[in-house]
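Hi everyone, thanks for having me. Please take a look at the structure on the screen, and then I'll walk you through a few parts of it.

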Amino acid sequence: MSETTTARNGLRERALKLDAADPLADRRALFALDDGVYLDGNSLGALPVHVPDRVRDVLTRQWGELRIRSWGESGWWTAPERIGDRIAPLVGAAAGQIVVGDSTSVNVFKAVVAATRLAGPAGEGRDEILVDASTFPTDGYIAASAARLTGHRIVPVEPAGVPAALGPRTAAVLLNHVDYRSGRLHDLPGLTAAVRAAGAIAVWDLCHSAGALPVGLDEHGVDLAVGCTYKYLNGGPGSPAYLYVAERHQAAFDSPLPGWNSHADPFGMTPDYAPADGSVRGRVGTPDIVSMLTLEAALDVWDGVSVDAVRAKSLALTDFFLECVQAYAPAGRLVSATPAAHAERGSQVALRCEDAEPVMRRLIERGVVGDLRRPDVLRFGFTPLYVGFADAERAARVLAEVLDEAPVA
């Protein structure tokens with residue numbers, strides 16, 4: 001038996017033992033999965049198996065039979081805050097601070113403009129918005145538009161450089177908790193403290209961290225945060241996003257998109273706007289009830305799950321995958337762009353590969369689904385609720401087989 005075969009057998013055996021000892025292993029049965037390896041939950045989470053029946057009830061009974069009565073009798077009207085309270089423990093927030101609705105992009109716009117208003121008019125000196133220079137592009141587009149509308153200017157800065165860039169002109173800082181390309185985890189506690197000490201408002205994008213690791217919004221004094229629900233929260237394609245407004249800011253939170261749903265008397269239909277109290281003022285128009293209640297059903301998979309346990313498994317999975325890649329892959333073909341240090345790692349592994357696009361295509365053809373970020377990054381997302389150690393070993397093995405073949409075209 002060759003040394004390579006022995007190494008592979010040893011890693012496979014370890015994977016089986018780790019899966020057998022995994023306290024979250026029973027969660028896998030809650031999801032609709034096939035025989036492949038799904039490592040793209042950082043783009044779209046898998047479907048929880050009970051969701052179709054719940055959605056069928058929304059369509060046939062709540063809408064089909066009760067119709068308009070469901071706004072009250074089925075709890076449609078209170079769904080944005082009710083579902084927000086279910087997300088709250090997953091991101092370390094007390095109840096009453098998260099409202100669900102709209103897209104992440106719309107909520108980024110609300111948060112950034114509201115942050116500048118909380119910090120004071122640009123004409124009074126705070127006229128800069130610091131933006132993560134490596135941010136997901138839409139965040140940058142939205143922030144730039146918000147700056148044009150409010151008379152601020154954008155200052156791109158790498159997250160590690162934020163403390164040095166802060167000053168008396170800084171109104172708000174928009175940062176990603178986890179970098180969408182590399183999977184790097186940024187220092188939310190330290191950066192939030194620095195922003196607040198400078199008298200500015202911290203806005204965090206949690207799209208690649210919520211549901212994968214502890215966030216601690218309340219504990220770390222975050223001002224505003226946004227996030228999507230279709231990745232690690234498994235809410236379904238296009239499921240509504242959420243907006244967090246710390247309780248201390250709610251009375252002064254001035255949304256740039258005031259709508260009838262956030263009015264203190266929404267059915268009064270008055271010409272003048274008066275904002276509701278609490279997180280409700282983050283609402284705009286009529287919520288997307290079908291996708292919102294789909295999300296509510298999907299969140300059932302989190303019942304009884306500790307985010308700390310999810311984080312522990314995430315780190316173990318990504319460690320093991322990197323170990324398998326190092327053992328299996330041809331030398332010199334892959335370089336990890338994901339930090340080795342646990343304190344700097346989210347729940348994905350990014351591997352630089354010269355021919356990333358055809359390599360990922362072949363991986364998907366062989367049942368290992370990840371994704372890529374051009375020009376050269378293979379991304380593998382590890383969702384601890386349904387990804388196991390045998391999945392990680394198999395993915396690394398198939399990746400090595402693809403790389404060992406003739407040059408990919």
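Predicted model: local features only at pLDDT ≥ 70, side-chain atom pairs only at ≥ 80, totals over all residues.

Residues are numbered from 1 along each chain as its sequence is written, and side-chain values use heavy atoms, without hydrogens and water.

Let's start with the sheet. Here 7 strands make an open, mixed sheet in the order 2-8-7-6-5-3-4. Strands are DSSP runs of E, at least two residues, and helices are runs of H or I, at least four residues, numbered from the N terminus; two strands pair if DSSP finds at least two bridges between them. Strand 2 (98-100) and strand 4 (153-157) are at the edges with a single partner strand each, so one side of each has no neighbour in the sheet.

Strand 3 (residues 128-132) runs parallel to strand 4, joined by 5 bridges. One of the pairs is Val-131 with Pro-156 in strand 4.

Now, where is His-186? You'll find His-186 in the loop between strand 5 (170-176) and helix 8 (188-197). Its relative accessible area is 12%, so His-186 is buried (buried means under 20%, exposed over 50%, partly exposed in between, with a 1.4 Å probe and protein chains only).

Last, Val-290 sits in helix 9 (residues 289-298). Val-290 has 34% relative accessibility, so this residue counts as partly exposed.
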